[in-house]
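Let's take a walk through this structure together, one chain at a time. Keep the 3D view open as you read.

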Amino acid sequence: MTIVQLSIFIENRSGTLIKVLEVLKDAQIQIIASTIADTAEYGIYRLICSEPQRACEELKRAGVPVSLSNVFALELDNQPGCAAEAIATFSRAHISISYMYSFLLGDKGILVFRTDNAEQARQTILENHLRYISEPDLSCLA
Amino acid sequence: MIYNPNKECMSRDEMSALQGKRLHKIVEYVYYNVPFYRNKLQNLDIRPDDIQTIEDITKLPFTTKKDLRDNYPFGLQAAPQSEIIRVHASSGTTGNPTIVGYTRKDIGVWSECMARCLTAYGVTRDDIFSVAYGYGLFTGGLGAHYGVEHMGASVIPTGTGNTEKHLKLIRDLGVTGIACTPSYALYLAETMDKMGIKKEDIRLKVGAFGAEPWTEQMRQEIEVRLGLKGYNIYGLSEIMGPSVSYECQEQNGSHINEDHFFPEIINPTTLEPLPLGQTGELVFTTLPKEGMPLLRYRTRDLCSLMPGQCNCGRTNIRMGRIEGRSDDMLIIRGINVFPSQVESVILSIPEFAPHYMLIVDRERNLDTLLVQAELRQEVFTSTFDTPAAVDALEKKLASRLKSVLSIAAKVQLKAPGSIQRSQGKSAHVIDNRKL
């Protein structure tokens, strides 16, 4: 039910981001979505890509601090109000969301989020018949 | 004015005789009261009666900061605990601080030495004197405080911090003297400008500046901006605290209270005494000290002793400015910091690799310390992927550093492998201060 996200620790200085991107380029990894959570000194660069396990190994080999985590990815109609409706479901179930971002996949909006309460989130998705995507949905894209 | 002409203006022969007598007494005292020294002396086959004149001092063993660490906390204390009335602590090289206990007589000696300094600076009983060194474990605050009281001027125990309130008091109370670090004096001048206080609005005439290295250029700048005369004061807690030596009106070298602290200059490598005037490591023997007497304590400060007599009339020997250190100790905002202390903190947190850098700088006349610590690859797990997680680790390191170093450091986490690998300790430090 989840997809795999890479989280990369990058220091805020020139050259660090391009290093990551070049490793991915050389490994022919396709980036599907990405976002940076930044502070003054460093950023956490989160990305969804094709072949995350291989991407992770390539990055580690290049000395880039990286970890893999499982995140939920809901599929929403590309219309006003859809995100509110989906999040309200989690809010009612008292599931807090650590972070969230979104991207377009074809004509669908994909809402990626991370929660510390994964099991309850899983149940909420099933009980409310929310649509989601899983890892195979991404690999056929790349 | 000279506070104690009997001691400060003795003939050289009288001084040597006094030092010899006191040296014999202190050797006898530690021989019978400090097992550490008895063992050391017995191993060298030295009996207290072998030490009769001050020249005999070269027979005695050295004491190092490591000896203080190995005998933590009270192993080198000679007086029984019932006689100790105060304990100070300064930075150790790792883990434990250096503990120094004082008897009532020690505090009296210290206060008199401090009174000699203040009198040499021109302070009198009519002065109002602000002590802006840190009060507490650090010897600066209380040491200066007791000296001002001892000589009878009014002391204002300002301590550190709250600079604007301090300046208001300096102006409103007509404060005439101040003791602080030279960099803090410059910071005061800057804050005065910001508050719109002119040097004509204040009555400062004397500054006792020490606890960190400073230059002649800094002195000139402080004197011009605050409208006072700035004098050097030197000391270290292992020996006593501030007042081990002090400048006089001549501002040409610092007179050592050598009836209490006998100075030698040695070659830090061969440990051989150096001829008068040559630069080497400063070594002190405490003469009549009861709490924690030390024989030939290696200060690690590099300087020279100055030949010739001073125009002020004092005959006690002068030391030149501290020219450096024979170890890697840093002085940051007047506080002694060893890179090894930072290392021990970093190694106590499993998320960090043993690679780090200390970057010291001076911004707006205040020293800053930045500690860069390298994360281990294993830290990067699925739970370490938010700024909050990184922040928490950063705060943990910062708070442990604060408690061990006694000063705040800014912390920067670095990616695995990003800190340059180096040999040797000094490569862990970049000091950008222009001194």
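How many helices and strands does the secondary structure of chain A come to? In this predicted model, chain A has five helices and six strands. Read from the N terminus, its elements follow the order β-α-β-β-α-β-α-β-β-α-α.

**Chain A as a whole**

Let's begin with overall dimensions. Along the principal axes, the C-alpha atoms of chain A fill a box of roughly 45 × 35 × 30 Å. Among the contacts in chain A with a separation of 6 or more, 67% are made by residues 24 or more positions apart.

**The sheet of chain A**

Now find the strands of chain A. Six of them form an open sheet, in the order β2-β3-β1-β4-β6-β5, with antiparallel pairing. Why is one side of β2 (31-38) and of β5 (99-105) of chain A left without a neighbour in the sheet? Both strands stand at the edges and each has a single partner strand, so one side of each has no neighbour there. On average, neighbouring strands of this sheet are turned by 30° against each other, direction ignored.

At one end of the strand order, β5(A) runs antiparallel to strand β6 (residues 108-114) of chain A, and seven bridges join the two. Within this pair, A:Tyr99 stands opposite A:Arg114 in β6(A).

Helix α1 (residues 16-26) of chain A lies across β1 (2-11), β2 and β3 (42-49) of chain A, and it runs at about 140° to β1(A).

**Where chain A touches chain B**

The contact between the chains takes 16 residues from chain A and 16 residues from chain B. On the chain A side, β1, β3 and β4 (66-77) each supply at least two residues. The largest share of that side, four residues, comes from β4(A). By class, the side of chain A that touches chain B divides into eight nonpolar, six polar and two charged residues.

**The domains of chain B**

Turning to chain B, the domain assignment gives domain 1 (5-327) and domain 2 (335-431). Taken over C-alpha atoms, the centres of these domains of chain B are separated by 32 Å. Nine residues of domain 1 of chain B are in contact with 12 residues of domain 2 of chain B. Helix α8 (residues 182-195) of chain B gives the most to the domain 1 side of this contact, with four residues. That side has two nonpolar, six polar and one charged residues.

**Strand β12 of chain B**

| Partner of β12(B) | Sense | Bridges |
|---|---|---|
| β11 (residues 280-286) of chain B | antiparallel | four bridges |
| β15 (residues 324-325) of chain B | antiparallel | two bridges |

B:Gly280 has B:Cys303 as its bridge partner in β12(B), and B:Leu302 has B:Gly324 as its bridge partner in β15(B).

Methods. Residues numbered from 1 in each chain as written. Chains lettered and ligands numbered in written order. Predicted model: local features only at pLDDT ≥ 70, side-chain atom pairs only at ≥ 80, totals over all residues. Domains from an automatic or database assignment. Contact = placed C-beta atoms within 7 Å. Nonpolar A, V, L, I, M, F, W, Y, C, P; charged D, E, K, R; others polar. Pairing = 2+ DSSP bridges. Axes fitted to C-alpha atoms, helices over the stretch in contact; angles between N-to-C directions.
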